[in-house]
Amino acid sequence: FIRRDGTRVPFRPKPEWVNKPDIELSRAEHFQEVLVSLLIDGNAFIRIYRDNRGDIINLVVLDPMKVEIVRDPVSKQLAYRYEHQQDSLISKDELMHITEIRRPGHTRGISRVKELKENLGLAAALQEFAARFFGAGANLGGLIEHPAQLTKEQSTDLANAFRGQHKGLKKSHKVGVLSGGAKFVKTTASPDEAQMIASRNLAVEEIARIFRVPLSMLSVATPGAMSYASVEQNNINFVTHTLRPYITKIEEHYSRLLPVEAFLRINVDGLLRGDFATRMQGYSIGSQAGFLSINDIRKFEDLTPVESGDVYRVPLANVNLGAADLVEVDKRVGMAQRLIQSGFDPASTLIALSLPPIEHTGIPSAQLQPIAQIDPADPQSAYEVK
């Protein structure tokens, strides 16, 4: 868009890179790469390619893990070095750098994956433990106690025989037999005792919290998290508190590629689209308040415009905005009527209330005499006292 006299109007002709930033990817895939870079590394590096006239012809998202921020030894300005181009530096004009969170005095953004690696490591450890636990046939670790003194070979054979009979999911329900007074002694806690299930659920919640994703979007059956009202509100919060910060940064940086007066906006109205009754209620309020027309509403609903649908109305009498002063005029006329009936001069009253002079027909009002009894040839006779 471009703003002219405070009004936002479409910017035309629209640059080709707005519709297709990367010539090899779709627009959705391009911005997906930008978001993945921000979520994983906290930095997004977009290489800018221009033609001989200086117009942008391609925008390529670089792998943030392979980009190094350095200072140009000649210009002393910040520059970037890519892994595949170690011998050359990329200037700030040739690369767009978007950061999610940046510490004061630092040039590189914070990677939430690195900062919260302990939380993610715990989730990975729980996942590996569950895989090993069920892969071993859900048998718990322990010791085999034997009353006799076994040699190393005998103890190894006994352990291998016991493990061979019970290791694996298909053998987990087989009955085991220990002879010679041997017995199995459990040495590890059970998953229930170790709260493995609760810990794994907590790990999911921790990861969701890291990336600010509502649990309802991950199908986590937390009490109160899956009701209709809460899910709808969570979706609104997701757009407001999770997506909006990223969208704002993307809009700000990509707008710098446009002329000074132009700017880019990402429309998220579709994500905030409510149910039919809620939308109709909102449209009704907007129409009665005078800031939405019938065609504006039909445009939001993907309907074709109708004739005379671009008229905006005011709430008092639901009249056209061009006739909105009728209410004010009616009040001034009522005030003039009361003043004239109180004995004030009609001409002076009209001037005081900024009303135009209106010629009187000479017929007296119905308060003095019913109109049926007035002589049209001599209307002044109604004022004579008989």
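How many residues does α9 have, and how far does α9 reach from its first C-alpha to its last? Here is a friendly walk through the model, point by point.

1. **Ground rules.** This is a predicted model, where local features need pLDDT of at least 70, side-chain atom pairs count only at pLDDT 80 or more, and totals for chains, interfaces and linings use all residues. Residues are numbered from 1 along each chain as its sequence is written, and side-chain values use heavy atoms, with hydrogens and water left out.

2. **Helix α9.** To settle the opening question, α9 has 14 residues and reaches 20 Å from its first C-alpha to its last, close to the expected 20 Å. The expected span is 1.5 Å times one less than the number of residues. Helices (H or I, at least four residues) and strands (E, at least two) are DSSP runs, numbered from the N terminus.

3. Arg-279, Tyr-283, Gly-286 and Ser-287 are buried in α9; buried means under 20% relative accessible area, exposed over 50%, and partly exposed in between, with a 1.4 Å probe and protein chains only. Seen down the axis of α9, these buried residues fall within an arc of 100°, so they line one face of the helix. The arc is that of the directions from the helix axis to the C-beta atoms. On the other side of α9, Ala-277, Gln-281 and Ile-285 are exposed.

4. **Helix α2.** Take a look at residues 27-41: helix α2 has 15 residues and reaches 21 Å, close to the 21 Å expected. Its buried residues are His-30, Phe-31, Val-34, Ser-37, Leu-38 and Asp-41. Viewed down the axis of α2, they fall within an arc of 125°, so they line one face of the helix. Gly-42 follows α2 and has a positive phi, near 80°.

5. Strand β3 (residues 43-50) runs antiparallel to β4, and 6 bridges join them; two strands pair if DSSP finds at least two bridges between them. The bridge partner of Tyr-49 is Asn-58 in β4. Between the strands of this hairpin there are 5 residues, and Gly-54 takes a positive phi near 90°. In strand β4 (residues 56-62), 5 of the 7 residues are buried, so β4 is largely enclosed by the rest of the structure.

6. **A sheet of three strands.** The order in this open sheet is β5-β6-β7, with antiparallel pairing. β5 (67-71) and β7 (90-91) stand at the edges with a single partner strand each, so one side of each has no neighbour in the sheet. There are 5 bridges joining β5 to β6, while β6 (residues 78-82) and β7 pair over 2 bridges. Look for Ala-79: it is the bridge partner of Val-70 and stands opposite Ser-91 in β7.

7. **The largest pocket.** Its volume is about 1,800 Å³. On a 1 Å grid over the protein atoms alone, a pocket is an open set of points where a 1.4 Å probe fits, with protein on both sides within 12 Å along at least five of seven lines, and lining residues have an atom within 4 Å of a point. Of the 50 lining residues, the closest to the centre are Arg-265, Ile-266, Asn-267, Val-268 and Asp-269. α8 gives the most to the lining, with 12 residues.

Notes
Points joined across faces, edges and corners; volume = space filled by probe spheres on them.
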